[in-house]
Amino acid sequence: MKLTRKMVLSRAKASELDSVRKLNCWGSRLTDISICREMPSLEVITLSVNGVSTLEPVRQCQHLSELYLRKNRIPSLAELFYLKDLPRLRVLWLAENPCCGSDPHLYRMTVLRNLPGLQKLDNQTVTEEELSRALREGDEITTAPAREDTESERPEAPFTLSSTDPAAETEQDALGSSADEASSIQEQLGMRLPARNQPSSFSPREAAPSLKNRNNVLTAILLLLRELDAEGLEVVHQTVGSRLQALHRRELQEDTE
């Protein structure tokens, strides 16, 4: 799926592409983000859990400071070539892409050698020691990756996650990386995810959906809350209150049976 002007303006609540600074497209089935070339003011973009296969479109985003690309289809670390001239890039999340390979150490050293300005990589703080080691142990990338076919010609593999089924991710995805990625939202809302093994306070009947699915859905909701305005958040608040009251009433009824 192609990221379109309409999608960008709607999600960013902006009137023009050149005014967009933050954009959240988590889990949106995207494969083509070429429109990023038209967003020079972009500072933060979340593209995790999509099908993006090239970083070339973001090379024009000179104000970009945070790039979230976990679980996409970036094929090679040669794609880092397109990020080397982004002077403000400080946070990069590239884990769970084909480019990470089978050697986590070489992967991290190579990324840091080519992007020494990073302060955080894959949710782990970058240290001065790592940057020094990266100069010796990482591979330097000096040329853009060769392209045998264009994005429009590349066949799309089926997705395991749809925009309407946030519970389709694996437990590791939802409770690990996704939960960390949503941490800033949780802090703003004064919320936190329940512990992985924390028992439900509701009845077994209400807890029928697996713990995995419950936390997957909760993580997705927290990520999507940033898209809502005050009116939308008020609707969510009222709905949650009504749902909690109904659950508590049912729990009390079951206790008296």
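# Sheet, patch and cysteines in a predicted model

Visitor: In what sense do strand β5 and β6 pair, and over how many bridges?

Guide: Strand β5, residues 120–121, and β6 run antiparallel to each other and are joined by two bridges. The model is a predicted one. Two strands count as paired from at least two bridges, so this pair qualifies.

Visitor: Which residue of β6 does K120 face?

Guide: K120 stands opposite T125.

Visitor: What is the order of the strands in the open sheet?

Guide: The sheet has six strands, ordered β1-β2-β3-β4-β5-β6, and its pairing is mixed.

Visitor: What makes β1 and β6 edge strands?

Guide: Each of them, β1 at 22–24 and β6 at 124–125, pairs on one side only.

Visitor: How many disulfides does the structure hold?

Guide: It holds zero. For C25, the nearest cysteine sulfur is that of C36, 7.7 Å away. A disulfide needs two cysteine sulfur atoms within 2.5 Å, so C25 is in none.

Visitor: How do you know whether C25 and C61 are buried or exposed?

Guide: The relative accessible area of C25 is 0%, and for C61 the value is 0%. Buried means under 20%, so C25 is buried and C61 is buried.

Visitor: Where is L42, and is this residue buried or exposed?

Guide: L42 is found in the loop between β1 and β2, the latter at 44–46. Its relative accessible area is 0%, under the 20% limit, so L42 is buried.

Visitor: What is L42 in contact with, leaving aside neighbours within four places in sequence?

Guide: The contacts of L42 are V20, R21, K22, L23, C61, H63 and L64. L23 lies 19 residues from L42 along the chain, and their C-alpha atoms are 7.9 Å apart.

Visitor: Why is V240 called partly exposed?

Guide: V240 has a relative accessible area of 42%. Buried means under 20% and exposed over 50%, so V240 falls in between and is partly exposed. V240 belongs to helix α7, residues 230–256.

Visitor: Which residues form a nonpolar patch on the surface?

Guide: V236, V240 and L244 form it, and together they have about 200 Å² of accessible area.

Technical notes:
Residues are numbered from 1 along each chain as its sequence is written. This is a predicted model: local features need pLDDT of at least 70, side-chain atom pairs count only at pLDDT 80 or more; totals for chains, interfaces and linings use all residues. Side-chain values use heavy atoms; hydrogens and water are left out. Helices (H or I, at least four residues) and strands (E, at least two) are DSSP runs, numbered from the N terminus. Patches are made of residues with over 30% relative accessible area and no salt bridge: like charges are joined within 9 Å, nonpolar side chains (Val, Leu, Ile, Met, Phe, Trp, Tyr) within 5 Å. Accessible areas come from the Shrake-Rupley method with a 1.4 Å probe; for residues, only the protein chains shown count as cover. A salt bridge is a side-chain nitrogen of Lys or Arg within 4 Å of a carboxyl oxygen of Asp or Glu. Buried means under 20% relative accessible area, exposed over 50%, partly exposed in between (1.4 Å probe, protein chains only). Contact means heavy atoms within 4.5 Å.
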